Amino acid sequence: MCKSLDEIIDALRSFVGSFDVQRLPAQQAMHVVRQFGEIERLTAAGRTLAADRVQNTRAWRATGSASAAAWIARETGSTLSQASAALNNAQRLKQLPATREAFLSGQLSEAQTTEITTAAVMDHSAEASLLDLAGRESVSALRERCRDVRAAAVGDEDVSERIRRGRYLRHWLDRDGAMRMDIRMAPDDGAPLLVVIKSRQEKIQREARRAGQLEEPEAYAADALLSLADGAGAPKAVVHVHVSEASLERGHTIAGETCRVDGVAPITVTAAQRLAGRGVVKLIQKEGVEVQRVAHVGRVIPAHLRTALEERDPTCVVPGCDRRFGLEIDHIVPFASGGPTRLENLARLCRWHHSQKTHHGWRLYGGPGAWEWTRGARKVRSAAPLTSGRNDHPPPSRGG
Ligand SMILES: [Zn+2]
């Protein structure tokens, strides 16, 4: 099967590569567009089935990816949300044989299939009419109809609750480098937030008008949202952790020692180290009841190093991982093993990869532009042989 797919890919590549569009008659060009549309639909169907298989077999776990969707996104050059949408689609198709058949025979695009499955899983009796509509009407007409089917399938109360369970706030940098946000929340939750933003927006707009400026209302709405962040007197949340230097260096506590967050239950030393890596923690060492000193122990990253790291590692350094938010600072050679708090021994990792390194034997080697992420020992490149395949501490990093 895979061999014939390879042949198809080769055939397509050589066709597109020698495609002489200038000589193509208009009628034939239209036909070719339809044909490529069909190829795309069939490709989407095949990819969806295979992706579902990858998820079910958990084969992606061996790749170091954070999830099946993350692996698919990386392999296919799509976004994480597109990849998870495809996986969800595959799940729903199992309940909807007629839609599945239409998708697999190349009659439905991925977008059409997603619309139909999200509506038809909630009301199976609507499946046939939606499939019929997809064959006659535009995707946006289909989308309208599917929205109606979904709304009719649940009561108003349920809608709000269901949306609340799926609430999120996502942010990312777009191609221009602009910060973008996408918030999804129940309307009754969003309303009070909007009220606050609106009232601030009007105030800002009035002031702007008095100053002779006139920008779009939505620009002032963005200013209003920003104003929530400053001025409101919200201090940076600093977490106080009580832990002894000995346990911090050991990596865990022994009988008689404590590691806990101020006013909260005990936490693990690893959790304390992780908090410290995010720079929102003050480590407080206690002897008896007296606070000896607020520790700026070695593993606490000084501000200038933090800035240099943010500059050097804008994303998680693991090759192929492009997470850029909530990154944690990792000591490449662990602090507890004598790894220094110096730029060359530090790297920024996403939470997932940090935990893979701390708890699951994954290791980071190399340096900026040449990071290697591997499980266990390094692929031997230098003359130095590794004595064991399972070394708990990696060799010192270059120059560290
Ligand atoms: Zn990562």
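I count as donors the N, O and S atoms within 2.8 Å of the metal (3.2 Å for Na, K and Ca); water is not among the atoms, so sites may look incomplete. The model is predicted, so local features need pLDDT of at least 70 and side-chain atom pairs pLDDT 80 or more, while totals for chains, interfaces and linings use all residues. Residues are numbered from 1 along each chain as its sequence is written, and side-chain values use heavy atoms, without hydrogens and water.

**Entry 1: the zinc ion**

I looked up which residues hold the zinc ion. Its protein donors are Cys-316 (SG), Cys-321 (SG), Cys-350 (SG) and His-353 (ND1), at 2.1 to 2.4 Å. The four donor atoms subtend angles of 96 to 118°, so the arrangement is tetrahedral (four donors, all angles between 85 and 135 degrees). I noted the donor spacing in sequence as C-x4-C-x28-C-x2-H.

**Entry 2: helices H2 and H4**

Helices here are DSSP runs (H or I) of at least four residues, numbered from the N terminus. I found H2 (residues 26-57) packing on H4 (residues 80-93) at about 90°, with axes 9 Å apart. That makes H2 roughly perpendicular to H4 (65 to 115 degrees). The contact (heavy atoms within 4.5 Å) includes Arg-47 and Ala-51 of H2 and Leu-87 of H4.

**Entry 3: helix H3**

In H3 (residues 68-76), I listed Ala-68, Ala-69, Ala-70, Ile-72 and Ala-73 as buried. H2 and H4 are among what covers them. Gly-77 follows H3, with a positive phi near 70°.

Conventions. Four donors count as tetrahedral if all angles lie between 85 and 135 degrees; four count as square planar and six as octahedral if opposite donors are over 155 degrees apart and all others between 65 and 115; anything else is irregular. Axes are lines fitted to C-alpha atoms, for helices over the stretch in contact, and angles run from 0 to 180 degrees between N-to-C directions. Helices (H or I, at least four residues) and strands (E, at least two) are DSSP runs, numbered from the N terminus. Angles under 35 degrees count as roughly parallel, over 145 as roughly antiparallel, 65 to 115 as roughly perpendicular and the rest as oblique. Buried means under 20% relative accessible area, exposed over 50%, partly exposed in between (1.4 Å probe, protein chains only).
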